[in-house]
Amino acid sequence: RASLRGARPRASRSLRRASSRSSRPGARGARLAARASSAGGFARYGVREEQPDGSFLETYGISIDGNVGRETLRFAPGSVAVSLTIARPLGIVFEQVEGKGVVAVELVEGSNAAAAGARAGDVLRLTTAVAKGKSTVKVGKWQVEPSVDMRSRGANRAAYFACDGRSFDAVMDAVVSNGEEVDGVASPTVSLLLERPASA
């Protein structure tokens, strides 16, 4: 295991792991309640679209600087989408699982994530993030990267990150980036959209 702050995640056979337990806590303390479709978290837009194979499409978005970025995601049959806003540090151990993506494989006992309602087996689909002004990190399909002027000044911008098809390191970097300051303030929370399989 490796912390989301510090060492790069190590490979263990075909699996990659990282723990969020060492992220520094936010100034406003723990915000423990799960939030679905609420301010600050990912909200569902439109209607669920059933697919012939039993899967379904749903569109989720989040308000950033007064604009709403949206992603349409495909969910496996029987699964449900869970939107949580969790105080840092999260206390989740993520692992890259072949054929599934980045999965929460362990919750630290008594952690903010456990109190918010996250479960082992949840698959990470979307996360809030901070696009760093001088970086070239891509943070999703929506254009939330800092402008050329912001990059030259090193300014950060609030963003979200679509995890599907992205490398484990990129996903963990996006989660960790929530600790970076935007306009002099670091968010005390991280918003996640998780897919909870029927078996979880």
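Predicted model: local features only at pLDDT ≥ 70, side-chain atom pairs only at ≥ 80, totals over all residues.

Residues are numbered from 1 along each chain as its sequence is written, and side-chain values use heavy atoms, with hydrogens and water left out.

**Sheet**

- An open sheet is formed by three strands in the order S3-S4-S5, with antiparallel pairing; helices (H or I, at least four residues) and strands (E, at least two) are DSSP runs, numbered from the N terminus.
- S3 and S5 are the edge strands, each pairing on one side only; two strands pair if DSSP finds at least two bridges between them.
- From one strand to the next the twist averages 15 degrees, where axes are lines fitted to C-alpha atoms (for helices over the stretch in contact) and angles run from 0 to 180 degrees between N-to-C directions.
- Five bridges pair strand S3 (residues 43-50) with S4 in the antiparallel sense, and Tyr60 in S4 is the bridge partner of Arg44.
- The hairpin of S3 and S4 has five residues between the strands, and in this hairpin Gly54 takes a positive phi near 95 degrees.
- S4 and strand S5 (residues 67-75) run antiparallel and are joined by nine bridges; Arg70 in S5 stands opposite Gly61.
- The hairpin of S4 and S5 has two residues between the strands, and here Asp65 has a positive phi near 55 degrees.
- Strand S4 (residues 56-64) is largely enclosed by the rest of the structure, because eight of its nine residues are buried; buried means under 20% relative accessible area, exposed over 50%, and partly exposed in between (1.4 Å probe, protein chains only).

**Nonpolar cores**

- The largest nonpolar core has 23 residues, of which Phe94, Leu124 and Leu192 touch the most other members.
- A nonpolar core is a set of buried Ala, Val, Leu, Ile, Met, Phe, Trp, Tyr and Cys residues joined through side-chain atoms within 4.5 Å.
- A second, separate core has eleven residues, including Phe56, Ile62, Leu73 and Tyr160.
- Seven of the nine residues of H3 are buried, and the helix is mostly covered; the buried ones are Phe168, Asp169, Val171, Met172, Ala174, Val175 and Val176.
- Apart from neighbours within four places in sequence, Leu192 has contacts (heavy atoms within 4.5 Å) with residues including Phe42, Val82, Leu84, Ile86, Ile92, Leu124 and Leu126.

**Thr59**

- Thr59 lies in strand S4 and is buried, with a relative accessible area of 18%.
- The side chains of Thr59 and Thr72 are joined by a polar contact of 2.7 Å.
- A polar contact is a pair of N or O atoms within 3.5 Å; within protein, one must be able to donate a hydrogen and the other to accept it, and residues adjacent in sequence count only if both atoms are side-chain atoms.
- Neighbours within four places in sequence aside, Thr59 is in contact with Ala43, Arg44, Tyr45, Arg70, Glu71 and Thr72.

**Salt bridges**

- The structure holds five salt bridges, each a side-chain nitrogen of Lys or Arg within 4 Å of a carboxyl oxygen of Asp or Glu.
- Arg44 and Glu58 meet through their side chains in a salt bridge (2.9 Å, N to O). Arg44 lies in strand S3 and Glu58 in strand S4, so the pair ties together parts that are 14 residues apart in sequence.
- Arg44 is partly exposed, at a relative accessible area of 43%, whereas Glu58 is buried, at 5%.
- A salt bridge also links the side chains of Glu50 and Arg48 (2.7 Å, N to O). Glu50 is exposed, with a relative accessible area of 53%, and Arg48 is partly exposed, with 37%.
- The side chains of Asp122 and Arg196 meet in a salt bridge (2.8 Å, N to O). Asp122 lies in the loop between H1 and S9 and Arg196 in strand S13, so this pair ties together parts that are 74 residues apart in sequence.
- Both Asp122 and Arg196 are buried.
- Arg125, Asp164 and Glu195 are linked in a network of salt bridges.
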